[in-house]
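Q: I have a model open and some time to go through it. Can we take it piece by piece, with the cut-offs spelled out?

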Amino acid sequence: MHYYRYSNAEVSCWYKYLLFSYNIVFWLAGVAFLAAGLWAWSEKLVTFCSGFFFQGVLSDLTKVTGLHGLDPVVLVLVVGIVMFTLGFAGCVGALRENICLLKFFCGTIVFIFLLELAVAVMAFLFQDWVRDRVKEFFENNIKSYRDDIDLQNIIDSLQRINHCCGAQGPEDWDFNIYFDCKSESKSREKCGVPFSCCIPDPAQKVVNTQCGYDIRKKSKSQWDDQIFVKGCIHALEAWLPRNIYIVAGVFIAISLLQVSCYYDSWKK
């Protein structure tokens, strides 16, 4: 049996280590996302199973993620699995010069790039439809605000960073049974808003988590001094034009990196 050696490697040396360096970072990020997602998921299961042992309720596993809104743990797990798989394929494909793995990596990345492009174009062409879907998404997650601590932290961060409250305004918190002014609930938070809607007081070093209590019982003219009255959808719509060049620059840079790095593996 005779073995043949090629005078030139199928993948150039500089390209090989460039691709490996890019993918090792990508793979490590995937590992981090996956680890965080599995840890958060295990915390949910522990909480759920403790409820079974002490309260005797293990009849419906969908209670773990049976929320009306977004479960952030599922999103983190999906992103982690995709990044881990692609990073692993890219690293092994580059080091071993495995053209099949590189083509799989290339094809998946090109598909993701085309999907990103399609979503951007569709969002631009059907802005009203996208706005309605985003509004519906926000409202569903407001309903589930107290049902999941991860979702609660995301909403609080979004409102605090963007200085906004609710999807289109503070009244949207009527979608949540704990904050609904019209409900028969005796919740202390009734007719209020979460603390993340409150305008922060620079003099306070400790966050006042009760600052939003009963605020919507007051006249709307008094809201401006105590809470953010702008909805988060309007805040995000205002943020995008101000940062359009940054967003476009990042998108173009990532796109060029994807196309340039994977063209060589695809043509093999």
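Q: His163: what does its relative accessibility come to, and which class is that?
A: His163 has 46% relative accessibility and therefore counts as partly exposed. Buried means under 20% relative accessible area, exposed over 50%, and partly exposed in between, with a 1.4 Å probe and protein chains only. This is a predicted model, in which local features need pLDDT of at least 70, side-chain atom pairs count only at pLDDT 80 or more, and totals for chains, interfaces and linings use all residues. Residues are numbered from 1 along each chain as its sequence is written, and side-chain values use heavy atoms, with hydrogens and water left out.

Q: Where is His163, and what is its phi?
A: His163 sits in the loop between H5 and H6. Its phi is near 55 degrees, a positive value in a residue other than glycine. Most residues other than glycine have a negative phi.

Q: Which phi value does Cys191 have?
A: Cys191 has a phi near 65 degrees, also positive in a residue other than glycine. Cys191 is placed in the loop between H5 and H6.

Q: Is Cys191 buried or exposed?
A: Cys191 is buried, at 9% relative accessibility.

Q: Back up a bit. What is the secondary structure of the chain?
A: There are seven helices and zero strands, so the order from the N terminus is α-α-α-α-α-α-α, where helices (H or I, at least four residues) and strands (E, at least two) are DSSP runs numbered from the N terminus.

Q: How much of the chain is buried?
A: Of the 268 residues, 31% are buried.

Q: Salt bridges next. How many?
A: The count is 11, taking a salt bridge as a side-chain nitrogen of Lys or Arg within 4 Å of a carboxyl oxygen of Asp or Glu.

Q: What does Lys135 pair with?
A: Lys135 forms a salt bridge with Glu139, with the closest N and O atoms 2.5 Å apart. Both residues lie in helix H4, four residues apart, about one turn of the helix. Lys135 is partly exposed at 25% relative accessible area, while Glu139 is buried at 13%.

Q: And Lys220, what is its partner?
A: Lys220 bridges to Glu171, the closest N and O atoms being 2.9 Å apart. Lys220 and Glu171 both lie in the loop between H5 and helix H6 (232–242), so the pair ties together parts that are 49 residues apart in sequence. Lys220 is exposed, with a relative accessible area of 52%, and Glu171 is partly exposed at 34%.

Q: What about Asp214?
A: Asp214 forms a salt bridge with Arg188, with 3.1 Å between the closest N and O atoms. Asp214 and Arg188 are in the loop between H5 and H6, so this pair ties together parts that are 26 residues apart in sequence. Asp214 is partly exposed at 23% relative accessibility, and Arg188 is partly exposed at 48%.

Q: Which residues form a network of salt bridges?
A: Asp174, Asp180, Lys182 and Arg216 are linked in one.

Q: Changing topic: how many cavities of 30 Å³ or more?
A: One. On a 1 Å grid over the protein atoms alone, a cavity is a set of points where a 1.4 Å probe fits but cannot get out, and lining residues have an atom within 4 Å of a point. Grid points are joined across faces, edges and corners, and a volume is the space filled by probe spheres set on the points.

Q: What volume does the largest cavity have, and what lines it?
A: The volume is about 30 Å³. The lining consists of Phe138, Ile142, Ile155, Leu158, Gln159, Gly166, Ala167, Trp173 and Cys232.

Q: Which helices supply that lining?
A: Helix H4 (127–143) and helix H5 (149–162) each supply at least two residues of the lining, and H5 gives the most, with three residues.

Q: What is the lining by class?
A: Seven nonpolar, two polar and no charged residues. Here Ala, Val, Leu, Ile, Met, Phe, Trp, Tyr, Cys and Pro count as nonpolar, Asp, Glu, Lys and Arg as charged, and the others, Gly among them, as polar.

Q: Last one, the surface. Which residues make the nonpolar patch?
A: Val110, Leu114, Leu117, Val121, Met122, Phe124, Leu125, Phe126 and Trp129 make a patch of about 920 Å². Patches use residues with over 30% relative accessible area and no salt bridge, with like charges joined within 9 Å and nonpolar side chains (Val, Leu, Ile, Met, Phe, Trp, Tyr) within 5 Å. Accessible areas come from the Shrake-Rupley method with a 1.4 Å probe, and for residues only the protein chains shown count as cover.

Q: Which helix gives the largest share of the patch?
A: Helix H3 (residues 99–125), with seven residues. Leu117 lies in H3 and is partly exposed at 36% relative accessibility.

Key
1 Å grid on protein atoms, 1.4 Å probe; cavity = no way out; pocket = protein on both sides within 12 Å on 5 of 7 lines; lining within 4 Å.
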